[in-house]
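Colleague: Please take a close look at aromatic ring pairing here with me, and at what surrounds it. I'd like one connected account.

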Amino acid sequence: MTTTTGTHPTRRLILQGAASVALIGLGNLPFVPARAAANDKYPEEAFKLKNEADAIKALYGRTAEPSDKIKLDAPEIAENGGVVPMSVTTTLDKVTSISFFVAENPNALAASYKLPEGTIPAVANRLKMAKTSNVTAIVEADGKLYSATKEVKVTVGGCGG
């Protein structure tokens, strides 16, 4: 099979050239957000701690103050502790992270999210809960920590209960 017919290029040759130019062009684009996310350190120690206060201290290095600007949406009664839907929204500005803590779980820190600048400060998740417990949402905004807490009653345990 030939790539040219006389002095005129074939369609295949033109497509191969266009694809090569496009791929070379993509190689020069900066993928900064992907690199930044890859360099974030996983908070392994915080996820291992049993006590909620210790886990908050390990993750953030300080305590949080309660705030009415955080809405923690969770059911009052969870029929199945294996999948308890939760969501957090806030009207606070400059939010950089949102975390969920379940006081009576074998490990208090259930989930933690780092939010890039400009992201709408809202997260939702389905958490596993061992038994009836307080759930605390911690929001880091403008260098300060804020919290909201709600008790969720679990009828069937999800963490081996």
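Modeller: Gladly! Rings of Phe, Tyr and Trp (its six-membered ring) pair if their centres lie within 6.5 Å; planes under 30 degrees apart count as stacked, over 60 as edge-to-face, and the rest as tilted. The model is predicted, so local features need pLDDT of at least 70 and side-chain atom pairs 80 or more, whereas totals for chains, interfaces and linings use all residues. Numbering runs from 1 along each chain as its sequence is written, and side-chain values use heavy atoms, without hydrogens and water.

The structure holds 1 aromatic pair. Because Phe-100 lies in strand 7 and Tyr-113 in strand 8, the pair ties together parts 13 residues apart in sequence. (Strands are DSSP runs of E, at least two residues; helices are runs of H or I, at least four; both are numbered from the N terminus.)

Phe-100 counts as buried at 0% relative accessibility, while Tyr-113, at 25%, is partly exposed. Buried means under 20% relative accessible area, exposed over 50%, and partly exposed in between, with a 1.4 Å probe and protein chains only.

Both strands also meet helix 4: its buried residues pack against strand 7 (95–102) and strand 8 (109–114), among other elements, where contact means heavy atoms within 4.5 Å. Those buried residues are Glu-52, Ala-55, Ile-56 and Tyr-60. They cover an arc of only 105 degrees around the axis, so they sit on the same side of helix 4; the arc is taken from the directions from the helix axis to the C-beta atoms.
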